[in-house]
Amino acid sequence: MAKLGFIGLGVMGSRVVRRLLNAGHQITGYNRTRSKAQWLLDAGMAWGETPRAVAESSDVCLSMVTNTNALRSINDGPDGLLAGLSAGKMYIDMSTVSPAFSQKLSQQVANRGASMLDAPVSGSVVTLEEGKLSIMVGGDVAAFEKVKPILLDIGPKVTHVGKNGLAVTMKIATNLSLAVQMLAFSEGVLIAEKSGIKRETAVEVLTNSVIASPMVKYRGPFVLDMPEEAWFNVNMMQKDMNLALELGRQLDVPLPTTAVTNEFLTAARGMGLEERDFAIMFEVLAQMSGVMK
């Protein structure tokens, strides 16, 4: 059993904490809105009043927040996570953020005598709850080996990909395909539907065809019944797409399908759908196609 801290108890972070609690770990958590964490407190999680308090109370502190600004926010200042780190402590950030900022933060952590890994995840709420989540990790190999058992309690596939910042880069390279696949899937469904095939039939065929990636299998049915609670909303997905486009410009890698798909996310935001799951792109394309529910 490890003495852990966890900052950021959103849709994914809260479920990661539940898995760690179920594995027997002692956890102190923090979230900007305490009420959202009540069910975890009821399940045995302790509460930290500030990110610093969480870091001070734990040997290994994890975070999973929405973007680069949020990661900066929980680390900065006298009550920030950085202020609570000391020699020998470990910090694992599971957020999807700017690789350059992640690398800068890892140096700040090292200056305090602690070690940092970036360890974003690949998967959804469903894959996390089913115990099928995969985790990519960047940072010192010895530090990675030390905390690998903890990460394996979150998901069964944990891969070290290189130095600090490279796991975040790998996550961005992965996530750009999620939205691109969803848009392509939506195109296929609408071609079938406008040709006279029932939407339900098209979804069944496509989710059992050669194009049925794990993402298509679990998110494809959303075009029939969109969840009220977004697994990964439009704003979050567009944040990742913009990070990908920025990296593409830096590395001279053209990203044409990413760029086009990103415009559909912008259209979804323009239609007031930014808090819906990014699969809502289907409805954007359906309206453009003259297809209504």
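A pocket is found on a 1 Å grid over the protein atoms alone, as an open set of points where a 1.4 Å probe fits, with protein on both sides within 12 Å along at least five of seven lines; its lining residues have an atom within 4 Å of a point. The model is predicted, with local features needing pLDDT of at least 70 and side-chain atom pairs pLDDT 80 or more, while totals for chains, interfaces and linings use all residues. Residues are numbered from 1 along each chain as its sequence is written, and side-chain values use heavy atoms, leaving out hydrogens and water.

The largest pocket has 40 lining residues, and those nearest its centre are Gly10, Val11, Val65, Thr66 and Met236. Two or more residues of this lining come from each of α1 (11-22), α4, β7 (121-122), α8, α10 (214-219) and α11 (234-251). Helices (H or I, at least four residues) and strands (E, at least two) are DSSP runs, numbered from the N terminus. The largest share, 4 residues, belongs to α11. The space in this pocket is about 1,100 Å³, a volume being that filled by probe spheres set on the grid points, which are joined across faces, edges and corners.

About 230 Å³ lies in the second largest pocket. Its lining has 14 residues, with Ser122, Gly123, Pro214, Met215 and Tyr218 nearest the centre. Here α8 contributes the most, 4 residues.

A lysine provides the last stop. Lys89 sits in the loop between α4 (68-75) and β5 (90-93). Lys89 counts as buried because its relative accessibility is 12%, and buried means under 20% relative accessible area (1.4 Å probe, protein chains only). Beyond its neighbours within four places in sequence, Lys89 contacts Ala55, Glu56, Ser58, Asp59, Gly84, Ala114 and Ser115. The Lys89 side chain reaches the backbone oxygen of Ala55 at 3.2 Å.

Notes
Buried means under 20% relative accessible area, exposed over 50%, partly exposed in between (1.4 Å probe, protein chains only). Contact means heavy atoms within 4.5 Å. A polar contact is a pair of N or O atoms within 3.5 Å; within protein, one must be able to donate a hydrogen and the other to accept it, and residues adjacent in sequence count only if both atoms are side-chain atoms.
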